[in-house]
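Here's a quick look at the charged pairs in this one. Have the structure open while you read.

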Amino acid sequence: MVPEHPARRSAGFRRCAQVGVAVAACALALSACESGPGVSGAQRSHTGPDADGIVMDSGNSRADAPQLSGKTLEGATLDVGSAYKGKIVVVNVWASWCPPCRDEARGLEKVSKELAPKGVEFAGVNTRDASTGSAKAFQTTYGITYPSLYDPAGKLILRFPAGSLSPQAIPSTVVIDRKGRIAARKLSGVNEDTLHEMIDPLIAEK
């Protein structure tokens, strides 16, 4: 395999940051119009971020997750809330051109298989890719088996309620509890340890 050129990798990081700022700006613009479903922003209590950049939301203040539905990269229809009702859902926002997304991909896949018997499902949201071709090639390269919704314009990201633990960068990972509420978020790449830090407390919840 030919090593990735440093200039190209640096450009990828810059692009990640630029897109993250744009998504955050859009989210802020949306929040000026409506607070979205679930608990109001004034009532939400986030505990973090911690040393790993993870923000957790207590059970009493979690906002309802939005409807995440549409076509997957393979063209199938997926409604995350309906398909995985009653389960913990890990939603990873990614793009094929984003270096941190490549770094976290295999860890996401490994943990998805490890925790599936415990009622945990994974779903991706692929965004800012001009076509599905490069995104599907990414999945093949990194062995990703869980589905990803294709969201090139970032519309699904803007469905998250204002003031909630919304994904505001690429990559971002959000964890939804068994009741369909947003419980945890990390706005940068994850690894196996940080995923467990976000998910394991929710598995323990009754």
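## Salt bridges

A search through the whole structure turns up 6 salt bridges, each counted when a side-chain nitrogen of Lys or Arg sits within 4 Å of a carboxyl oxygen of Asp or Glu. Keep in mind that this is a predicted model, where local features need pLDDT of at least 70, side-chain atom pairs count only at pLDDT 80 or more, and totals for chains, interfaces and linings use all residues. Residues are numbered from 1 along each chain as its sequence is written, and side-chain values use heavy atoms, with hydrogens and water left out.

| Pair | N to O distance |
|---|---|
| Arg62 and Asp177 | 2.8 Å |
| Arg181 and Asp177 | 2.9 Å |
| Glu192 and Lys110 | 3.4 Å |

Arg62 is in the loop between strands S2 (54-57) and S3 (69-71), while Asp177 is in the loop between S8 (172-176) and S9 (182-186), so the pair ties together parts 115 residues apart in sequence. (Strands are DSSP runs of E, at least two residues; helices are runs of H or I, at least four; both are numbered from the N terminus.)

Asp177 also pairs with Arg181. Asp177 is buried at 2% relative accessible area, and Arg181 counts as buried at 16%; buried means under 20%, exposed over 50%, partly exposed in between (1.4 Å probe, protein chains only). Through shared partners, salt bridges join Arg62, Asp177, Arg181 and Glu205 into one network.

Then there's Glu192 with Lys110. Glu192 belongs to helix H5 (residues 192-204) and Lys110 to helix H3 (residues 99-115), 82 residues apart. Glu192 is partly exposed at 31%, and Lys110 is partly exposed at 46%.
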